[in-house]
Amino acid sequence: MKKIIIGLGNPGPRYVFTRHNVGFLTVDRFVELNKRYIDYKKISAKTFEGFETNEYVIVKPITYMNLSGQSLFELKKKYGEIEAQNVIVVYDDVELDLGKMRIRPKGSAGGHNGVKSIIGALNSDDFARIRIGVNKKPPYMDLADYVLSEFSKNELENIYKIIDPACEALEELLNEDVQNVMNKFNGKNFLDA
């Protein structure tokens, strides 16, 4: 069974540089960084678009965040049964400071509706995840408004300082034990680098 990388976000130009789209930004950058070495084949269906290689599949659900798990049903039709341990999900985290990421081998949705949908579709929370910090919401903002707000110019520059290390972590998760990858990346502030 191929590994499946799922970057979470919302489709369309309105959402490209919003906090909720860090997963999309990361997997897009991952493909860009690897294009010289890897032959990607474009794939798409009613609920996702992405890329396929011999070893893994990269998926961007296009159902909007809260229904991200629907993409897995179409992926099952294409690739057969999907084991949760073969899935890696990349997404935004409002509990982490900008400049940090946290890798985990499994866990709850932690209030993230996209992850909740993935857990429901897999009937398991036993999949690796890369959570990328987008800062806590200001007290005067609603959470939904905050995650759908665009990064400031300065924040966007800083997000791209995190995305490349996140891509490196993603590459390592495809080939290494998750604990080793956690030890290497967790706890660092990539804005200090």
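Residues are numbered from 1 along each chain as its sequence is written, and side-chain values use heavy atoms, with hydrogens and water left out. Because the model is predicted, local features need pLDDT of at least 70 and side-chain atom pairs count only at pLDDT 80 or more, whereas totals for chains, interfaces and linings use all residues. Helices (H or I, at least four residues) and strands (E, at least two) are DSSP runs, numbered from the N terminus.

The nonpolar interior is described first. A nonpolar core is a set of buried Ala, Val, Leu, Ile, Met, Phe, Trp, Tyr and Cys residues joined through side-chain atoms within 4.5 Å. Buried means under 20% relative accessible area, exposed means over 50%, and partly exposed lies in between, with a 1.4 Å probe and protein chains only. In soluble globular proteins, nonpolar side chains tend to be buried together. The largest nonpolar core has 37 residues, of which Ile-5, Phe-30, Ile-103, Ile-130 and Ile-132 touch the most other members. Two or more residues of this core come from each of helix 1 (22-34), strand 4 (56-61), strand 5 (87-93), strand 6 (101-104), strand 7 (128-133), helix 4 (143-147), helix 5 and helix 6. Helix 5 supplies the largest share, nine residues. Apart from this core lies another, of 23 residues, including Phe-48, Val-59, Tyr-79 and Ile-119.

The surroundings of Ile-130 were also examined, contact being defined as heavy atoms within 4.5 Å. When residues up to four places away in sequence are not counted, Ile-130 touches Val-89, Val-90, Tyr-91, Met-101, Arg-102, Ile-103, Ala-166, Ala-169, Leu-170 and Leu-173.

Helix packing was described by axes, which are lines fitted to C-alpha atoms, for helices over the stretch in contact, with angles from 0 to 180 degrees between N-to-C directions. Angles under 35 degrees count as roughly parallel, over 145 as roughly antiparallel, 65 to 115 as roughly perpendicular and the rest as oblique. The axes of helix 1 and helix 5 come within 9 Å and cross at roughly 70°; the two helices are therefore roughly perpendicular to each other. Their contact is made by Val-22, Leu-25, Thr-26, Arg-29, Phe-30, Leu-33 and Asn-34 of helix 1 and Ile-159, Tyr-160, Ile-163, Asp-164, Ala-166, Cys-167, Leu-170, Glu-171 and Leu-174 of helix 5. For the classes, Ala, Val, Leu, Ile, Met, Phe, Trp, Tyr, Cys and Pro count as nonpolar, Asp, Glu, Lys and Arg as charged, and the others, Gly among them, as polar. The contact of helix 1 with helix 5 divides into 11 nonpolar, two polar and three charged residues.

Helix 5 (residues 153-175) also meets helix 6 (residues 178-185), their axes coming within 9 Å and crossing at roughly 160°. Helix 5 and helix 6 are therefore roughly antiparallel to each other. Pro-165, Glu-168, Ala-169, Glu-172 and Leu-173 of helix 5 make this contact with Val-178, Val-181, Lys-184 and Phe-185 of helix 6. By class, the contact has six nonpolar, no polar and three charged residues.

Helix 3 (residues 113-122) is mostly covered, with seven of its 10 residues buried. These are Gly-114, Val-115, Ser-117, Ile-118, Ile-119, Ala-121 and Leu-122, and they pack against strand 1 (3-7), helix 2 (70-79), strand 5 and strand 7. The axes of helix 2 and helix 3 come within 8 Å and cross at roughly 40°. In this contact, Gln-70, Leu-72, Phe-73 and Lys-76 of helix 2 meet Ser-117, Ile-118, Ala-121 and Leu-122 of helix 3.

Most residues other than glycine have a negative phi. Asn-123, which follows helix 3, has a positive phi, near 55°. Tyr-64, in the loop between strand 4 and helix 2, has a positive phi of about 75° and is partly exposed, with a relative accessible area of 43%. Asn-135, in the loop between strand 7 and helix 4, has a positive phi near 80° and is partly exposed at 24% relative accessibility. Glu-150 lies in the loop between helix 4 and helix 5 and is exposed, with a relative accessible area of 52%. Although Glu-150 and Arg-19 are 131 residues apart in sequence, their C-alpha atoms are 6.3 Å apart in space.
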